[in-house]
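Hi everyone, thanks for coming. Please have a look at the model on the screen, and I'll walk you through a few spots in it.

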Amino acid sequence: MVREKDACWEYADRLEGNKVRCKFCDRVLNGGISRLKHHLSRLPSKGVNPCTKVRDDVTDKVREIIASKEDPKEASITKRQKVPETKSPLATSISSGKAPVSVEAAPRLTGKVLSSMTSSICSPRTDQENAERSIAIFFFENKVDLSVARSSSYHQMIDAVKKCGNGFVGPSAESLKTTWLEKIKSEVSLHSKDIEREWAISGCTIIAETWTDNKSRAVINFFVSSPSRTFFHKSVDASSYYKNTKYLSDLFDSVIQDFGPENVVQIITDNALNCPGLPNHILQNYGSIFVTPCASQCMNGILEDFCKVDWINRCVLQAQVVSRYIYNNSSMLDLMKKFTGGQEIIRSGVTKSVSNFLSLQSMLKQKSRLKHMFNSPEFSTDPVFACKSQTANCVSIIDDNEFWRGVEESVAVSEPFLKVMREVYGGKASVGFIYELMTRAKESIRTYYIMDEIKCKTFLDIVDKKWQNNLHSPLHSAAAFLNPSIQYNPEIKFLGSIKEEFYRVLEKLLPTPESRRDITNQIVLFSSGSGMFGCNIAKEAIDTVSPGIWWEQFGDGAPMLQRVAIRILSQVCSTSTFQRQWSNFQQIHSEKRNKIDKETLNDLLYINYNLKLEKSSKSNSSEVDPLQVDDIDMTSEWAEEAENPSPVQWLDRFGSVLDGDLNTRQFNAAIFGANDSIFNL
């Protein structure tokens, strides 16, 4: 058979049906040798996930095969699509009767073949087409993540180059590495210095994110957050001392001193930093600093445990059967897009459990369209779909009312906690709302299951366990007590239960009798809504400004309580907000790098993190779901069809804090290979 002679079969194992397994990454692909080629080529095409472990020489060889149109199947597809066909010099010489080119010479001609093919297909081009083609080649040749084209800095760069007109010459690699690296770093540092001035009033939060992997490596990344924004401070390789309380205590002491103990209100840590002696050390040595867990991590833990409930787990698995059936067949995917008006039926979130519930929500919204599609003549009469073994299973799931009741119920119990997660995620000063948000989320469970005590208890037990053991802090109670939207809301019933913790926090922040002078009268003034607290402007501002700003504007009649309230209510609840890049830190902390390279990479990482944090702080929009990522993760259980789990595992965007250790996707985008270095240093 012709297929057996294809050169690419040496890189794959044939499985049953039309499936192949890549020998480099063990991924199972539908569609035979053609999809394997696009998998190994690492070019973004046909919805095939690029291989992350293929050698560069194999990738080059496969790209040459694709470019030379050596695959008969690809050639027939191209012909059916009526793409202009250009013969290579080798084919031309054979068809014209000229002496054939030697096999040894063929590889050397491939670049010319590709060049002549692309030039003949694309010519004549306009200046606009030439510019776009050059940008596209830059992206493809240098393996730049295609989503970069969405970034504001990309468009700013294009605009700036246009203004320069003819004769513009871009900066050299040496200029980028020296002059511009130093200039941009100075700009970022100056911005952070400006923010530091507000710490004396608002205080700040130190965020410690710990990343670990299965090779016993541990990196701790430190951030500092205040009302204006969050800044990346530094990254420390703690692999050798990860469980050493003395080392970690000294490390955190040095970071606290960097920001000034008098400015630090709290330190947020994650579960990955499993060192009980560390919080004790901080609390004993810094009387006014709180150590609190990550609220986003707690919410994700609740959603994870929800997914383990038998009927929810069964519902998720059934929904994934349907989504994989659709997303692994191009004809089925086209049909689905036709019936949904171009909308996707699955969503990728910042964590695996978030993705599960967002996808269930999405499928529920498309319920009627999905049922219509699976019962339409276009589907039922198409022999391509009829012969598939999974077809009957998918149809039975879509037509099963019990399945849809499960989806609806799953969405109902998860949405209140997704809402809490949205509020505390993304660097918001939300410490004053977490207590009320959790109270309302629990109340929604009680209301939904008012007639089902067993299910109600099942979910509330999960929530209470996470809340009491992993999240609740006296600082949350004090913040709720000082939040005017809670204090002056007659529907709030929990103020009495949190008053004791509020006073304990006051004693911690105001440790001497002199500092607490007249504090009781000031509390009474605030609680009763007297003085400026009770004026109409103050009442109207409760719903329009943050609690911290409200206290700054209307708390002058209670100066000591005002200072405490502003410092507490200006803090965040969660760790940082975007995808972690383990490969970057691996290069920085590698012993193989010399001092100059490490300094340069540290500077690049400092700039990269802080520019992303700045972008995140500016792009917060009520129309954008902070829990949803732009692109569907085609390697997740919702889209990938594989006989064996992929060795490239799910990456939770705020990471190891959510699962105990880092399920690391090794690269920022799948197009990058295992040996690719960042910034080419």
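Let's begin with leucine 525, which lies in helix 26 (residues 519-527). Helices here are DSSP runs of H or I with at least four residues, numbered from the N terminus. A word on the source: this is a predicted model, where local features need pLDDT of at least 70, side-chain atom pairs count only at pLDDT 80 or more, and totals for chains, interfaces and linings use all residues. Residues are numbered from 1 along each chain as its sequence is written, and side-chain values use heavy atoms, with hydrogens and water left out.

Is leucine 525 buried or exposed, or partly exposed? At 27% relative accessibility, leucine 525 is partly exposed; buried means under 20% relative accessible area, exposed over 50%, and partly exposed in between, with a 1.4 Å probe and protein chains only. Setting aside neighbours within four places in sequence, leucine 525 contacts Ser530, Gly531, Phe533 and Gly557, where contact means heavy atoms within 4.5 Å.

Now over to threonine 59, in helix 2 (residues 56-67). Threonine 59 is buried, because its relative accessible area is 2%. Not counting residues up to four places away in sequence, threonine 59 touches Leu40, Ser41, Arg42 and Val54.

Which residues make the contact between helix 14 and helix 16? Met332, Leu335, Met336, Phe339 and Thr340 come from helix 14, and Arg369, Leu370, His372, Met373 and Phe374 from helix 16.

Terms used: Helix = DSSP H or I, 4+ residues; strand = E, 2+ residues; numbered from the N terminus.
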